[in-house]
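Let's take a walk through a protein together, one stop at a time. Keep the model open beside you and look up each place as we reach it.

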Amino acid sequence: MTRETCRALRSSKLLTLWLSMHSSAFHTGAALWRLQLVNVSLDNDGAVAVARGLKYCNKLAEINLMTNWIGDRGAAALGSAIKSRKAKNAQTRSGFSATKLILDENQVQCNGARALVTGMRQSRWLQELHIADNCIALSGEEALLQAGRDGVARIFGLENQRPSD
């Protein structure tokens with residue numbers, strides 16, 4: 001996906017349309033290794049659209065949704081997608097050290113963090129979660145820390161959280 005395409009997808013409705021148009025490629029086994037929607041004003045609706053499309057991306061190694069407006073509802077949808085994704089589909093490719101989700105610099109709070117942990121615990125395909133510069137308070141941080149201690153996934157960025165409004 002080109003930078004121009006990403007800019008054009010600022011609207012979650014456009015993103016939903018783009019994902020639905022390309023879902024036939026996913027159905028036929030086309031390999032999507034990395035999905036990067038960085039700084040494209042992706043909101044909760046856009047994250048829900050991405051989560052719906054994940055079921056078609058069996059070889060996806062990295063999802064980078066950094067610097068967007070994803071909050072708890074979007075994080076919960078991603079957590080559900082993680083939960084429903086089978087661990088056997090998590091394949092690595094040369095150049096990808098881990099299967100990871102990058103949600104740095106979004107609006108995720110405690111409920112979203114807990115939903116991500118639930119999904120990670122029930123799936124085990126996600127090896128890294130990057131979650132710096134969100135709005136996760138103590139209870140959400142504790143859930144993520146415990147998941148890290150339990151070996152569910154490596155968690156990055158918990159020390160860098162913004163206070164929620």
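Our first stop is Q161. Leaving out residues up to four places away in sequence, Q161 touches I131, A132, D133, N134, C135, I136 and E141. Please keep in mind that you are looking at a predicted model. With a relative accessibility of 18%, Q161 counts as buried, because the cut-off for buried is under 20%. Its side chain also takes part in polar contacts with the backbone. A polar atom of the Q161 side chain lies 2.9 Å from the backbone oxygen of I131, and the side chain of Q161 reaches the backbone nitrogen of I136 at 3.2 Å.

One of the residues touched by Q161 is D133, so let's go there next. D133 sits in the loop between β4 and α6, the helix of residues 138-149. Is D133 buried or partly exposed? At a relative accessible area of 29%, D133 is partly exposed. Now look at its backbone. Most residues other than glycine have a negative phi. D133 is not a glycine, yet its phi is positive, at about 55 degrees.

S41 gives you another example to look up. This residue, too, has a positive phi without being a glycine, and the value is about 60 degrees. S41 is placed in the loop between β1 (34-36) and α3. It is buried, with a relative accessible area of 17%.

How many of the ten residues of α3 are buried? Eight of them are, so this helix, residues 44-53, is largely enclosed by the rest of the structure. The buried ones are N44, G46, A47, V48, A49, V50, A51 and G53. At the start of α3, a side-chain oxygen of D43 comes to within 3.2 Å of the backbone nitrogen of D45.

K59 is partly exposed, at a relative accessible area of 31%. In sequence K59 and T99 are 40 residues apart, while their C-alpha atoms are 9.6 Å apart in space.

Now for a pair of helices. Two packed helices are described by the angle between their axes and the distance between the axes. The axes of α4 (residues 72-84) and α5 (residues 110-123) come within 7 Å and cross at roughly 5 degrees. That angle makes α4 roughly parallel to α5. Which residues meet here? On the α4 side they are D72, A75, A76, L78, G79, I82 and K83, and on the α5 side C110, N111, G112, A115, L116, G119, M120, Q122 and S123. The residues of this contact divide into eight nonpolar, six polar and two charged.

How many does a search of the whole structure find? The search finds zero disulfides. For C110, the nearest cysteine sulfur is that of C135, 9.8 Å away. That distance is too far for a bond. C110 is buried, with a relative accessible area of 14%, and C135 counts as buried as well, at 6% relative accessibility.

H130 is buried, with a relative accessible area of 17%. Its side chain and that of E128 are joined by a polar contact of 2.8 Å. Setting aside neighbours within four places in sequence, H130 is in contact with K100, L101, I102, L103, D104 and F156.

Finally, step back and view the whole protein. Its secondary structure comes to six helices and five strands. Starting from the N terminus, the elements run α-α-β-α-β-α-β-α-β-α-β. Buried residues make up 49% of the 165 residues in the protein. Among the contacts with a separation of 6 or more, 87% are between residues 24 or more positions apart. As you turn the model, you can look for such contacts at the stops you have visited: H130 with K100, for instance.

Key: Residues numbered from 1 in each chain as written. Predicted model: local features only at pLDDT ≥ 70, side-chain atom pairs only at ≥ 80, totals over all residues. Heavy atoms only, no water. Buried < 20%, exposed > 50% of the residue type's maximum accessible area, 1.4 Å probe, protein only. Helix = DSSP H or I, 4+ residues; strand = E, 2+ residues; numbered from the N terminus. Polar contact = N/O pair within 3.5 Å; in protein donor to acceptor, adjacent residues only side chain to side chain. Contact = heavy atoms within 4.5 Å. Axes fitted to C-alpha atoms, helices over the stretch in contact; angles between N-to-C directions. Parallel < 35°, antiparallel > 145°, perpendicular 65-115°, else oblique. Nonpolar A, V, L, I, M, F, W, Y, C, P; charged D, E, K, R; others polar. Disulfide = S-S within 2.5 Å.
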